Amino acid sequence: MLRDHALTAFSHKSAPLLALALLAGFAASPAGAQSAVAEGQKLAFDRGKGNCLTCHVIKGGDLPGTIGPELKDIKARFPDRNELVAILFDETRRNPQTMMPPFGRNRILTDKEISAIVDFLQTL
Ligand code: HEC
């Protein structure tokens, strides 16, 4: 339901302009970086969105599964954020057998949502 609503809101004509304005605001202020991290955490933990806790232990998340590795020391292990974006966009490129859903390719998450989650991952 929430998803349908979000999709409807985004198909509205002014949505791209609004998104640009928001992005410009984020880029301009350090508070923007903070809110991208908070938004990324929300998306990562949301059972209807990233749903990362189904498979990954993540600091601050409840009832994690252990199908994937614990997500920690991310910034040290993946200094290049593009690598994380690629993993989230489509992990089957690195590992065709992976259990991890191709969030970008399957449009489970938008590029902007993936970017916010990567900001959050880099704080782990
Ligand atoms: C259905 C299970 C599943 C879900 C859901 C899932 N992952 Fe994964 N993830 C995995 C598995 C399994 C791996 C191990 C690598 C592989 O299979 O290619 C992995 C690997 C990773 C890696 C690389 C970690 C490393 O140490 O190499 C990152 C980063 C990652 N996942 C982030 C996420 C994020 C963020 C989400 C939520 C948006 C997510 N995953 C959702 C199963 C999952």
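Visitor: How many other C-beta atoms lie within 10 Å of Lys59, and does that make it buried or exposed?
Guide: Count the C-beta atoms, placed from the backbone, within 10 Å of the residue's own: 20 or more others means buried, 12 or fewer means exposed, and anything in between is partly exposed. Lys59 has 11 other C-beta atoms within 10 Å, so it is exposed.

Visitor: What should I know about the model before going on?
Guide: This is a predicted model: local features need pLDDT of at least 70, side-chain atom pairs count only at pLDDT 80 or more, and totals for chains, interfaces and linings use all residues. Numbering starts from 1 along each chain as its sequence is written.

Visitor: How many helices and strands does the protein chain have?
Guide: Helices and strands are DSSP runs, numbered from the N terminus; a helix is H or I over at least four residues, and a strand is E over at least two. The protein chain has 6 helices and 0 strands. Along the sequence the pattern reads α-α-α-α-α-α.

Visitor: Where is Lys59 in that pattern?
Guide: Lys59 sits in the loop between α3 and α4.

Visitor: Which residues does Lys59 touch, leaving out those up to four places away in sequence?
Guide: Two residues are in contact if their C-beta atoms, placed from the backbone, lie within 7 Å. With residues up to four places away left out, Lys59 touches Lys72 and Leu124. The C-alpha atoms of Lys59 and Glu70 are 8.9 Å apart, and these two residues are 11 residues apart along the chain.

Visitor: Where is Leu124, and what does it touch?
Guide: Leu124 lies in the segment after α6. Again leaving out residues up to four places away, it touches Ile58, Lys59, Leu71, Lys72 and Ile74. Leu124 is partly exposed, because 16 other C-beta atoms lie within 10 Å.

Visitor: What share of contacts joins residues 24 or more positions apart?
Guide: Take the contacts in the protein chain with a separation of 6 or more. Residues 24 or more positions apart account for 46% of them.

Visitor: What percentage of the protein chain is buried?
Guide: Of its 124 residues, 19% count as buried. Now look at α6. Here 8 of the 11 residues are buried, so α6 is largely enclosed by the rest of the structure. The buried ones are Glu113, Ile114, Ala116, Ile117, Val118, Asp119, Phe120 and Leu121.

Visitor: How do α5 and α6 cross?
Guide: Axes are lines fitted to C-alpha atoms, for helices over the stretch in contact, and angles between N-to-C directions run from 0 to 180 degrees. The axes of α5 and α6 come within 10 Å and cross at roughly 125°. That makes α5 oblique to α6. Under 35 degrees is roughly parallel, over 145 roughly antiparallel, 65 to 115 roughly perpendicular, and the rest oblique.

Visitor: Which residues make that contact?
Guide: From α5 come Arg81, Leu84, Val85, Leu88 and Phe89; from α6 come Ile114, Ser115, Ile117, Val118 and Leu121. By class, the contact of α5 with α6 has 8 nonpolar, 1 polar and 1 charged residues. Nonpolar means Ala, Val, Leu, Ile, Met, Phe, Trp, Tyr, Cys and Pro; charged means Asp, Glu, Lys and Arg; the others, Gly among them, are polar.

Visitor: How many residues surround the ligand?
Guide: A residue is near a molecule or strand if its C-beta atom, placed from the backbone, lies within 6 Å of it. Here 24 residues surround the ligand, and the closest are Gly50, Cys52, Cys55, Gly68 and Asn95. The shell has 15 nonpolar, 7 polar and 2 charged residues. α5 (81-90) and α6 (111-121) each supply at least two residues of it. The largest share, 3 residues, comes from α5.

Visitor: What is phi of Arg107?
Guide: Phi of Arg107 is near 60°, a positive value in a residue other than glycine. Arg107 is in the loop between α5 and α6. With 8 C-beta neighbours inside 10 Å, Arg107 counts as exposed.
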